[in-house]
Amino acid sequence: HFAVACLGYFIFCLFITVVTFEVNKVFAIILVLVDILLISLVLQIFGINPAFFGSLGAYSELMIGILGFYAAGAIFMNNFFGRQILPLGKPMGWIKR
């Protein structure tokens with residue numbers, strides 16, 4: 001059941017990942033790492049090279065945390081000082097509005 005739930009979250013995350021490409025680069029990287037994490041969890045649950053996919057998921061989770069703190073700090077500092085202190089990167093511009 002957990003694998004089916006992860007599949008549902010993965011499909012949702014794919015949609016959100018596409019949107020984040022048009023927000024900024026840091027958010028896009030975070031969501032790509034979330035996609036990798038969910039794929040790793042599902043493959044590990046199914047017993048497909050659990051050592052590798054367990055480690056891949058763990059490192060992905062670590063990078064998500066680090067980039068999440070960076071993004072939160074960048075948003076806070078940039079808004080507080082009214083200018084860019086920490087860059088988040090421009091949108092990719094792949095999808096035109």
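Colleague: Which helix do the buried residues of helix 3 pack against?

Modeller: This is a predicted model, so every value here is computed from it. The buried residues of helix 3 are F53, G57, S60, I64, L67, A71, A74 and N78. Their packing partner is helix 2.

Colleague: What is the order of elements in the protein chain, from the N terminus on?

Modeller: The secondary structure comes to three helices and zero strands. The C-alpha trace spans about 50 × 30 × 20 Å along its principal axes. From the N terminus on, the order is α-α-α.

Colleague: How far apart are the end C-alpha atoms of helix 3?

Modeller: Helix 3 has 32 residues, and at 1.5 Å a residue they should span 46 Å.

Colleague: Which residue caps the N-terminal end of helix 2?

Modeller: The cap is made by a side-chain oxygen that lies 3.2 Å from the backbone nitrogen of V26. The residue that supplies this oxygen is N24.

Colleague: Which residues touch the most other members of the largest nonpolar core?

Modeller: That core has 14 residues. Helix 1 (2-20), helix 2 (25-45) and helix 3 (50-81) are the elements that give two or more residues to this core. Helix 2 gives the most, with seven residues. The members that touch the most others are I30, V34 and I64.

Colleague: How far apart in space are G68 and I30, C-alpha to C-alpha?

Modeller: Leaving aside neighbours within four places in sequence, I30 is in contact with I64, L67 and G68. G68 is in helix 3 and is partly exposed, with a relative accessible area of 29%. G68 and I30 are 38 residues apart in sequence, yet their C-alpha distance is 7.3 Å.

Colleague: Which residues does S40 contact, leaving aside neighbours within four places in sequence?

Modeller: S40 lies in helix 2. Buried means under 20% relative accessible area, so S40, at 1%, counts as buried. Its contacts are F53, L56 and G57.

Colleague: Is F53 buried or exposed?

Modeller: The cut-off for buried is under 20% relative accessible area. F53 has a relative accessible area of 15%, so F53 is buried.

Colleague: What kind of pair do the rings of F52 and F53 form?

Modeller: The whole structure has four aromatic pairs. In the pair of F52 and F53, the ring centres are 4.9 Å apart and the planes are at 75°. Planes over 60 degrees apart count as edge-to-face, so the rings of F52 and F53 are edge-to-face.

Colleague: What kind of pair do the rings of F76 and F80 form?

Modeller: F76 and F80 both lie in helix 3, four residues apart, about one turn of the helix. An α-helix has 3.6 residues a turn, so residues three or four places apart point the same way. The ring centres of F76 and F80 are 6.1 Å apart with the planes at 20°. Planes under 30 degrees apart count as stacked, so this pair is stacked.

Colleague: Which residues form one aromatic cluster with F76?

Modeller: Both F76 and F80 are exposed. The cluster that holds F76 also includes F80 and F81.

Conventions:
Residues are numbered from 1 along each chain as its sequence is written. This is a predicted model: local features need pLDDT of at least 70, side-chain atom pairs count only at pLDDT 80 or more; totals for chains, interfaces and linings use all residues. Side-chain values use heavy atoms; hydrogens and water are left out. A nonpolar core is a set of buried Ala, Val, Leu, Ile, Met, Phe, Trp, Tyr and Cys residues joined through side-chain atoms within 4.5 Å. Buried means under 20% relative accessible area, exposed over 50%, partly exposed in between (1.4 Å probe, protein chains only). Contact means heavy atoms within 4.5 Å. The expected span of a helix is 1.5 Å times one less than its number of residues. Rings of Phe, Tyr and Trp (its six-membered ring) pair if their centres lie within 6.5 Å; planes under 30 degrees apart count as stacked, over 60 as edge-to-face and the rest as tilted. A polar contact is a pair of N or O atoms within 3.5 Å; within protein, one must be able to donate a hydrogen and the other to accept it, and residues adjacent in sequence count only if both atoms are side-chain atoms.
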